[in-house]
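Hello,

Here is the structure I promised to pass on to you. Have a look at it first, and then read my notes below.

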Amino acid sequence: MIDRVANRIACQMTDENIISPELTELYAYRLVIAVETFLTTVTLLLLALTVHRFELMAVLLISFALLRSKTGGYHFDSYFGCFTGSVLLFSIVTMLIPYIELNIYLMITVALAGIMVMYMGFINHPNLNLNRDGIRKKKKEARIVAVTELGTMLTLWIVGIPDKVVSCIALAVILDFLLMVFAKLKGQEVEPNGRKN
C-alpha cells in the first residue's frame, strides 16, 4: 500500500515536471523509506513511553539513525520484516539498558565497533547502488559521524552524565556495526556497477 501511494506521488511529480522521469523510481523509493521510518519511529517511541523508557529510546534511536543513515547495513526484504525486527530489537535493547553496566569492557567494545565502522565506512545496498563518488562521500560522512558519536559518548562519560544515556550511544554504535557485518555476510553489498561483492 505504501509502495503504491509513493509511486503515484512520484509519477504525479514527474507528470507536473517537478522531477525528471529518470528520478521517478528514486523518489518513490525515498518516499517509501521516509513513511516507513516515520511509522516505525512513532511506534517505538509510543512503546517506550508506555514502559517509561522514552528518553532512553529517543537517545538510542537518534544515535543509531545518525550513523545508520551514513553507513547503510542490513535490510529486510519487506517492510513487515523491518518493522517487526526494529520493534523487537530496539524494545529489547531499551529495556536492557538500565541493567547494562557501563564499564571499561563496554567502552573497549564500542571503541572497537566504532573503529570497524570507520574502516568499513558504508555498505552499498542494491536499492541505493551509489557510484564511486557517492560511496566515497558516504564513507567520509560515516567516519565523521562515528568519530563524533564516540567523542560525544566519551565526553558525556567523563563529565558524569548518567551511565544509561552513555550506554544508549554505545549500543547504537555497536548495533550499527553488527548490522553492517550482517549485511556483508548476507551478500547485500554491491559494487558501484551493481554486481554483488
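To follow along, take helices as DSSP runs of H or I with at least four residues and strands as runs of E with at least two, numbered from the N terminus. This is a predicted model, in which local features need pLDDT of at least 70 and side-chain atom pairs count only at pLDDT 80 or more, while totals for chains, interfaces and linings use all residues. Residues are numbered from 1 along each chain as its sequence is written, and side-chain values use heavy atoms, with hydrogens and water left out.

The protein chain contains seven helices and zero strands, so from the N terminus its order reads α-α-α-α-α-α-α.

Now the overall form. The C-alpha trace spans about 55 × 40 × 30 Å along its principal axes.

As for burial, 37% of the 197 residues count as buried (under 20% relative accessible area; exposed is over 50% and partly exposed in between, with a 1.4 Å probe and protein chains only).

Is Ser86 buried or exposed? Ser86 counts as buried because its relative accessibility is 16%. Beyond its neighbours within four places in sequence, Ser86 is in contact (heavy atoms within 4.5 Å) with Thr40, Leu44 and Ser91.

Best wishes
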